Amino acid sequence: MKKFNGLAEFIAAEGTQLGPTEWLEITQDRVNLFAEATDDHQWIHVDPERAASGPFGETIAHGLLTLSLIPHFTHQLYSVDNVAMAINYGYNKVRFITPVRVGAMLRARAEIASVTQLDGAVQAVLNTTVEIEGSDKPAAVAESIVRFIG
């Protein structure tokens, strides 16, 4: 994990590559809990028997589950000390490239693409890639925006 000692050090890190994180296994229990939380019970996610004869041969994680793991991975990629708070400001782009099969191992890498000073805050754009162990293509790529309040 890269630790930045305050906003000035973080601002100077524009262009820095971060990661990779530790691997995280995507279990059926995690997928089922996500389905419960979001009321998205589509069979390709939660019905292993039916999914076995479906297009992926087994259940897959929701794309939004993969996206929602970015904060988990971010905590392993970097931290900025001496700030009041960090706020997820949103996403400019998100693409789900490869389905994540249950049992897959995921990790992430990121680049601090840009850092902009605002009135009383700093805004950063991070390009994050969520990788699947053994796959040439990533699970997802996302351009996220984070605001740090001094």
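Tyr-78 counts as buried, since its relative accessibility is 8% (buried is under 20% relative accessible area, exposed over 50% and partly exposed in between, with a 1.4 Å probe and protein chains only). Together with Phe-148, Tyr-78 forms an edge-to-face aromatic pair, with 6.5 Å from centre to centre and 70 degrees between the planes (rings of Phe, Tyr and Trp, the last by its six-membered ring, pair if their centres lie within 6.5 Å; planes under 30 degrees apart are stacked, over 60 edge-to-face, the rest tilted). This pair joins distant parts of the chain, as Tyr-78 belongs to strand E4 and Phe-148 to strand E8, 70 residues apart (helices, H or I with at least four residues, and strands, E with at least two, are DSSP runs numbered from the N terminus). Phe-148 is buried, as is Tyr-78.

The model is predicted: local features require pLDDT of at least 70 and side-chain atom pairs pLDDT 80 or more, while totals for chains, interfaces and linings use all residues. Residues are numbered from 1 along each chain as its sequence is written, and side-chain values use heavy atoms, with hydrogens and water left out.

In total, 5 aromatic pairs are present. In one of them, the ring centres of Phe-10 and Tyr-78 are 5.8 Å apart and the planes are at 20 degrees, so this pair is stacked. Because Phe-10 lies in helix H1 (residues 7-11) and Tyr-78 in strand E4 (residues 78-81), the contact ties together parts separated by 68 residues in sequence. Phe-10 has a relative accessible area of 0% and is therefore buried. Ring pairs connect Phe-4, Phe-10, Tyr-78 and Phe-148 into a cluster. A charge over a ring is found at Tyr-89, where Arg-147 lies over the face at 3.8 Å from the ring centre (the criterion is NZ of Lys or CZ of Arg within 6 Å of the ring centre and within 35 degrees of the ring normal).

The protein contains 6 helices and 8 strands, in the order β-α-β-β-α-α-α-α-α-β-β-β-β-β from the N terminus on. Strand E6 (residues 105-118) pairs with E7 in the antiparallel sense over 12 bridges (two strands pair if DSSP finds at least two bridges between them). Arg-107 faces Glu-131 of E7 across this pairing. The two strands form a hairpin with 2 residues between them, and Gly-120 in the turn has a positive phi of about 80 degrees. E7 also pairs with strand E8 (residues 140-149), again antiparallel, over 10 bridges, with Ala-140 in E8 as the bridge partner of Val-130. Of the 12 residues of E7 (residues 121-132), 10 are buried.

His-62 is located in the loop between helix H4 (48-52) and helix H5 (63-68), and its relative accessible area of 2% makes it buried. A polar atom of the His-62 side chain lies 3.0 Å from the backbone oxygen of Asp-40. Apart from neighbours within four places in sequence, His-62 is in contact with Val-31, Phe-34, Ala-35, Asp-40 and His-45 (contact means heavy atoms within 4.5 Å).

For the protein as a whole, 40% of the 150 residues count as buried. Of the contacts between residues at least 6 apart in sequence, 70% join residues at least 24 apart. The C-alpha atoms fill a box of roughly 55 × 30 × 20 Å along the principal axes.

Conventions: A polar contact is a pair of N or O atoms within 3.5 Å; within protein, one must be able to donate a hydrogen and the other to accept it, and residues adjacent in sequence count only if both atoms are side-chain atoms.
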